[in-house]
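Here is a short briefing to read alongside the model. Take a moment with the fold first, then come back for the points below.

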Amino acid sequence: MANVTVIGAQWGDEGKGKIVDWLASRADAVVRFQGGHNAGHTLVVGDTTYKLSLLPSGIVTGTLSIIGNGVVLDPWHLKSEIDKLEGQGVTITADNFALADNCPLILPLHRDLDGLRETAAGQGKIGTTGRGIGPAYEDKVGRRAIRVCDLAHLDEIEPQLDRLCAHHDALRAGFDEAPIDREQLVADLKEIAPFVLQFAQPVWKRLKKVRKAGARVLFEGAQGVLLDVDHGTYPFVTSSNTVSGTAASGSGLGHNATGFVLGIVKAYTTRVGSGPFPTELTDEVGQGLGERGHEFGVVTGRKRRVGWFDAVLVRQTCAISGVTGIALTKIDVLDKMDKVKICTGYRIDGKIYDYLPSHAASQARCEPIYEEMEGWQESTAGARSWADLPANAIKYVQRVQELIETPVALVSTSPEREDTILVRDPFED
């Protein structure tokens, strides 16, 4: 039995929540390995809808759920999300939820800095969620972060606060803000510490035990490869590596533990926030896709930008992240369209490109080259087998996998867990 790593192969918001939930019901452990509480997942289980942004999706079914060291953790948001799920009848204890004790914390000062910078950036805004994720990662790399394990040693934290405040107070002074209130920060941490520490442990050790027992581990990625800090549309990216290889470093398991890499791909393209988007549609076609697809961010509520499927980008992200197979989602949003288009290349200053260049100015000048296909007038919503799909929808799926040079492992036709066409079982690969 293989482990499975799930990543977004576009700019995030591809429908990972439903796919991860479907896989989690067959996994023995689900692990978040990067990002923060900026990762919105909507799960529809029966008549109940769960909205998660930090906890692994397996938690709603009682599957062992783990937050790895690659995540930056807002402890107050963790409590809020757990309280909300418990109010929906979900049981969360140290038996089914574990938190890496070397996980860096997102503090109120990180949220402050995030907002101050974005407000002051003017035309340089990159569209962050304002939740402090970027500044928290900066402090991790700058070796001044307060981590989960520090919550058990708050009486000895003064040297760490000296390093932290020396950095942040200087920045705050530049924004004409008061220095950090150290006493208040420590008091807030002491208040939240008991709640967080009940779940804290060396999760690499727990995962080693789980894996040794032959259990199936599902690694749950956040955001998408095009938001990867190295491989995405920089600087309009997130602050972590979102590619599949991060599952190893962000959890404490070796690189050979990632198993089958499932790239989640929407049947069209969306992104939230600023940055290049070659196939963006600002006309009534894009408006219609956005409305039918309910394209609003789970975390921010921001309206998503919408465009045609971009095979150039997905081919690139699948190659970079070693995708074994894709899950194609939301094909039902394309129902009843006379024509559908797929981007097969770019034209930049008269030159043809079969990849997205690294420089932001070149990315902004990309003109999409489209291949047009006949649409389908029948509904694909709720289809659970190829026989349920219209012929032209099947042709579309086949053309997508040809252009991205990666096979389709499954097709999702609604938010419901069971409305899935399984071509290749990731766990049986």
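The chain exposes about 17400 Å², with carbon and sulfur atoms supplying 49% of that area (Shrake-Rupley method, 1.4 Å probe; for residues, only the protein chains shown count as cover). This is a predicted model, in which local features need pLDDT of at least 70, side-chain atom pairs count only at pLDDT 80 or more, and totals for chains, interfaces and linings use all residues. Residues are numbered from 1 along each chain as its sequence is written, and side-chain values use heavy atoms, leaving out hydrogens and water.

**Overall build**
- You will find 12 helices and 18 strands in the chain (DSSP runs numbered from the N terminus: H or I of at least four residues, E of at least two).
- The radius of gyration is 22 Å, close to the 22 Å from the globule rule for 429 residues, so the chain is as compact as a globular protein of that length (C-alpha atoms; the rule is 2.2 Å times the number of residues to the power 0.38).
- Along the principal axes, the C-alpha atoms fill a box of roughly 65 × 50 × 35 Å.

**Burial and contacts**
- Of the 429 residues, 56% count as buried (under 20% relative accessible area, 1.4 Å probe, protein chains only).
- Among contacts (heavy atoms within 4.5 Å) between residues at least 6 apart in sequence, 77% join residues at least 24 apart.

**A look at helix H4**
- Helix H4 spans residues 133–141, and its buried residues include Ile133, Pro135 and Tyr137.
- The buried residues of H4 pack against helix H3 (108–120) and helix H5 (158–174).
- Arg143 follows H4 and has a positive phi, near 60 degrees.

Key. Buried < 20%, exposed > 50% of the residue type's maximum accessible area, 1.4 Å probe, protein only.
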